[in-house]
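Please look over the sequence and the model shown here. The report that follows covers helix packing, sheets, single residues and backbone details.

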Amino acid sequence: MHPFTEYLNPYLGELLHNVALDKTFVRGEGCYLYDDHGNGYLDCIAAYGALPFGHNPASIWEAVADFRHSGEPNFVQPSFLDAAGELARRLVELAPPGLRYVTFTNSGAEAVEAALKLCRSATGRQGILAAENSFHGKTLGALSATGNPAYQAPFGAPAEGFDFVEYGVLDALEDKLAKAPQAYAAFIVEPIQGEGGIVVPPPGYLAGAKEICERYGVLLVVDEIQTGLGRTGHLFACEEEGVTPDLLLLAKALGGGLLPIGACLSTVAAYNADFALKHSSTFAGNSLACRVGLRVLEQLTSNGGALLHAAREQGALLKEGLESLHREYPQIISAVRGRGLMLGLELGVDRGYFAGSLLGVTAEQELLASAVSAYLLNREKIRVAPTLNGGSVIRIEPPLTITAAQCRRILVGIADMLAVLNEANAAKFFSFLVSKEFPRGDEMEKTVVPEPAPSAGSPRTAETALLKRADNGAAAVGAAATTSDVGRFAFLVHPLDLQSYPQFDQSLLLFSEDELAILAQKWSSLVQPFVISRVRIRSKDGRSACGEFIVVPRTAGELVQMSRAQAQQELRQALNLAREGGAGVVGLGAYTAVASGGGLYLKEEGVPLTTGNSYTVVSAVEAVQAACDKIKVLPQYSTAAIIGAAGSIGRGMALLLSEAVGGLILVGNPHSNHKSTGSRRMLGVAAEIYRYLAGLLQAGCRLPGGSIGDYLADCKELPPPEAPLDDFITFARSAARRGGPIQITTSVQEALPRAGIVISATNSRSKLIRPQDLQPGAVVCDISRPPNVSADVEQTRPDVLVIDGGVVELPGRPDLGWDFGFPPGLAYACMAETVMLALERRYEHFSLGSTGVNLESILQTRRWAARHGFRLADLRSFDRPLSEARWRQLLAARRGLINRQTI
């Protein structure tokens with residue numbers, strides 16, 4: 001681990017690593033940086049304008065050397081400061097006329113802090129007015145004046161007295177001051193909003209703001225920390241409108257790229273004794289920094305300001321080239337903004353342009369500018385950066401010394417990037433994240449992209465297909481979603497494994513499994529939950545429900561490995577998205593249910609939840625019954641092994657199947673750290689089954705001969721149904737010891753050879769069910785996702801019928817806008833239960849935890865399914881429809897078993 005990540009900033013270090021911006025630069029010279037592998041990079045960030053002459057400029061180092069050899073003291077406060085006085089005088093000479101005094105600081109943020117104090121002391125007012133979308137620094141006062149709540153919220157900012165007005169709109173400024181003419185001490189504003197996205201106000205804005213502020217006795221503070229000292233091609237951007245502010249703030253370039261220094265210039269009217277005698281700084285105005293500042297001004301003004309003229313020329317060359325690219329790629333670039341060498345390239349790509357691609361989600365979440373910056377760094381060796389507030393804007397701010405040839409190289413690199421991006425090939429674009437090289441240009445056309453298998457026959461599962469977006473999905477809901485008589489739901493899904501990614505974005509088939517693992521880890525750490533599609537479902541009784549499918553971009557493995565707190569935080573983000581979308585109930589799909597403790601950890605989040613497990617039990621039992629009917633197996637003469645019987649689904653299935661089967665083997669978790677607790681839980685499940693069957697027998701229900709109930713009919717030791725559960729636990733323990741119809745174990749290998757019917761309903765990602773363990777002719781229902789049945793079973797055991805549990809047909813068979821790995825209109829029962837709750841307008845927690853799935857909830861979902869038209873889908877096996885050929889193969893294999901047994 002790099003010391004930066006280990007000791008300085010682990011959060012930023014991880015982020016830089018994940019977006020491949022984690023370069024270690026060991027040398028800088030002029031406009032170039034060189035990494036520890038000797039690669040050179042054209043630096044178009046220039047420390048956000050703090051490198052006016054590039055890296056390690058000789059003239060600035062000469063100033064440092066001259067200072068060293070002179071013997072001049074550096075820190076000598078309080079006394080007359082020669083270097084500081086000389087730099088202040090030179091700044092006043094060069095600044096717009098009327099500015100008279102200079103207060104030095106150690107940074108731009110400190111310059112803002114000094115300006116806020118100066119304005120309050122000068123006016124006796126406390127209010128500070130700033131522009132929306134602005135940036136003035138990250139100390140508390142400067143942050144309070146920064147018009148971005150995302151940066152303020154964690155730190156108690158803005159402090160009292162700060163207010164904001166729309167940038168570039170003079171009427172808004174006039175209106176704000178007119179409503180509170182005595183409230184504000186200052187209006188602080190940038191000539192061009194840098195971090196806000198290189199936003200240039202309309203011509204005359206600064207002059208108009210100055211006139212309005214004067215009428216209300218408000219001091220105008222112009223923040224030129226980034227624009228000042230040549231960045232726009234002029235020493236000061238406010239000069240271009242002939243404006244002299246009351247305060248002018250400088251920093252960044254004043255240090256020549258070597259030393260930190262800031263300055264607050266003010267008029268005589270603004271400067272006052274309170275501020276002058278009560279504001280100071282140990283390091284501000286130090287001699288070394290001021291000598292460097294003097295050399296910077298000398299460089300900028302020498303030869304009649306030749307460097308400023310060159311900055312204007314190269315800026316014009318760059319801007320013209322960027323505008324040409326804008327015309328060539330209007331679908332990607334929405335705007336080119338800025339002046340001089342402070343330029344911004346705004347990306348205007350929406351998700352629809354990259355439908356069915358990781359690029360579309362990246363663009364939607366305003367991560368594309370970061371991705372483009374990383375691409376340019378790694379592929380084109382050009383260093384740019386996104387702006388902080390403007391998440392879709394790339395800043396281009398090279399040193400003022402950049403040459404025309406270097407500008408042309410920037411344009412070529414950006415053009416090449418745009419050509420790749422325009423291909424909408426996420427694998428090619430993101431290849432730098434996995435250190436994979438693709439051929440350039442025409443050579444790429446020779447690269448074969450594997451054809452994806454047809455959806456009907458490909459091995460996909462519901463949440464495994466990372467939600468292929470339907471082009472018609474989002475628009476279809478539209479106005480219907482806002483209608484009050486329409487139920488509202490959301491359903492959370494996630495990629496189950498790495499294969500989910502190429503199922504969502506087919507270009508990723510170009511990656512190896514190891515490369516895909518790297519990409520998935522980095523991409524999922526950056527992306528927040530997102531809506532993948534929307535749908536409207538109509539019940540057969542005329543009611544309808546509209547819903548959103550929301551992706552939690554984490555695989556099952558990631559959800560299992562991360563801490564509970566982190567998993568819950570990511571699920572909360574998805575729930576917030578669902579709540580914002582108007583969901584009345586939210587379904588927890590796949591491992592989102594596991595990671596939330598069956599929904600119990602999130603039940604206080606202000607939105608009703610369901611795991612969907614009650615209807616999953618119903619549909620899985622129906623699937624087992626349908627399979628047994630198809631192959632003419634009588635359940636009462638079979639023992640059913642329930643793997644995961646202590647879980648809510650396994651427990652529910654054991655309860656319902658107990659009416660029909662001849663015996664049950666309840667299989668607990670073999671890896672549990674609390675064997676005694678697990679054993680008690682399993683006994684509790686057995687006890688519930690016995691009590692349930694006792695109630696049926698007492699009610700006079702006729703249960704199949706040979707079934708568990710038939711066995712119990714003549715059992716005098718069976719407690720009455722009204723007896724305490726402890727009595728049934730005692731009975732269950734005693735019956736198990738005597739070899740009774742319900743046995744308990746933690747060994748899958750011990751249970752399977754004894755079971756003609758096998759149910760797997762676990763949270764395990766392992767292949768628990770192997771070919772060699774299964775009884776001849778067994779029926780296996782796999783509800784687990786990822787599946788627990790090994791693919792070898794299909795290849796080597798043609799006599800075994802494996803069915804996917806919990807697959808249902810929705811009423812009207814609507815297109816969900818992405819596929820579950822199914823034909824249109826099919827889905828998993830957990831999603832169907834969520835829809836039922838919305839159709840019923842039953843906006844309350846349902847099927848949460850192990851106790852939330854009970855006989856009442858199971859039977860209720862069965863009634864809702866009948867009412868609204870949900871039904872069991874045709875049987876499927878290994879995520880594919882069971883074809884007639886497979887049925888014939890199965891029946892032939894079973895006949896062979898019978899013949900061998902007869903012989």
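## Helix packing

Helices α24 (residues 648-657) and α31 (residues 855-868) pack at about 80°, and their axes are 10 Å apart. Because of that angle, α24 is roughly perpendicular to α31. This is a predicted model. On the α24 side, the contact uses Gly652, Leu655 and Leu656. On the α31 side, Leu855, Ile858 and Arg862 meet them. By class, the contact of α24 with α31 has 4 nonpolar, 1 polar and 1 charged residues.

The crossing of α23 and α30 is right-handed. From α23, the contact draws on Asn613, Ser614, Tyr615, Thr616 and Ser619. From α30 come Ala829, Cys830, Ala832, Glu833 and Met836. The residues of this contact of α23 with α30 divide into 5 nonpolar, 4 polar and 1 charged.

The two pairs are set out here.

| Helix pair | Packing angle | Axis separation |
|---|---|---|
| α24 and α31 | about 80° | 10 Å |

## Sheets

Strands of a sheet pair through backbone hydrogen bonds, either parallel or antiparallel.

What is the strand order in the open sheet of 5 strands? The order is β17-β18-β16-β19-β20, and the pairing is mixed. The edges are β17 (530-538) and β20 (609-610). Each has a single partner strand, so one side of each is left without a neighbour in the sheet. Strand β17 is joined to β18 (residues 544-551) by 8 bridges, and the two run antiparallel. Within this part of the sheet, Arg534 stands opposite Glu548 in β18.

The open sheet of 4 strands has the order β11-β12-β15-β14, with antiparallel pairing. Its edge strands are β11 (333-339) and β14 (385-386), and each pairs on one side only. Inside the sheet, 4 bridges join β12 (residues 342-347) to β15 (residues 393-396). These two strands run antiparallel. Gly344 has Arg395 of β15 as its bridge partner.

## Two residues in helices

Leu173 is placed in helix α9 (residues 170-179). Is Leu173 buried or exposed? Its relative accessibility is 0%, so Leu173 counts as buried. Beyond its neighbours within four places in sequence, Leu173 is in contact with Leu129, Val165, Phe187, Ala209 and Ile212. Leu129 is 44 residues from Leu173 along the chain. The C-alpha atoms of Leu173 and Leu129 are separated by 9.1 Å.

Gln561 lies in helix α20 (residues 556-561). Its relative accessible area is 67%, so Gln561 is exposed. Gln561 and Ala415 are 146 residues apart in sequence. Their C-alpha atoms are 41 Å apart in space.

## Backbone details

Two cis peptide bonds come next. The bond from Ala157 to Pro158 is cis, with omega near 0°. Pro158 sits in the loop between α8 (149-152) and β6 (162-165). The bond from Arg785 to Pro786 is also cis, with omega near 5°. Pro786 belongs to the loop between β25 (779-782) and α29 (791-796).

Positive phi values follow. Lys381 is not a glycine, yet its phi is positive, near 60°. Lys381 is found in the loop between α14 (368-380) and β13 (382-383). With a relative accessible area of 23%, Lys381 is partly exposed.

Ser847, also a residue other than glycine, has a positive phi of about 60°. Where is Ser847 placed? It is in the loop between α30 and α31. Its relative accessibility is 2%, so Ser847 counts as buried.

How values were computed: Residues numbered from 1 in each chain as written. Predicted model: local features only at pLDDT ≥ 70, side-chain atom pairs only at ≥ 80, totals over all residues. Heavy atoms only, no water. Left-handed = near helix turned anticlockwise from the far one by under 90°. Contact = heavy atoms within 4.5 Å. Nonpolar A, V, L, I, M, F, W, Y, C, P; charged D, E, K, R; others polar. Buried < 20%, exposed > 50% of the residue type's maximum accessible area, 1.4 Å probe, protein only. Pairing = 2+ DSSP bridges. Axes fitted to C-alpha atoms, helices over the stretch in contact; angles between N-to-C directions. Parallel < 35°, antiparallel > 145°, perpendicular 65-115°, else oblique.
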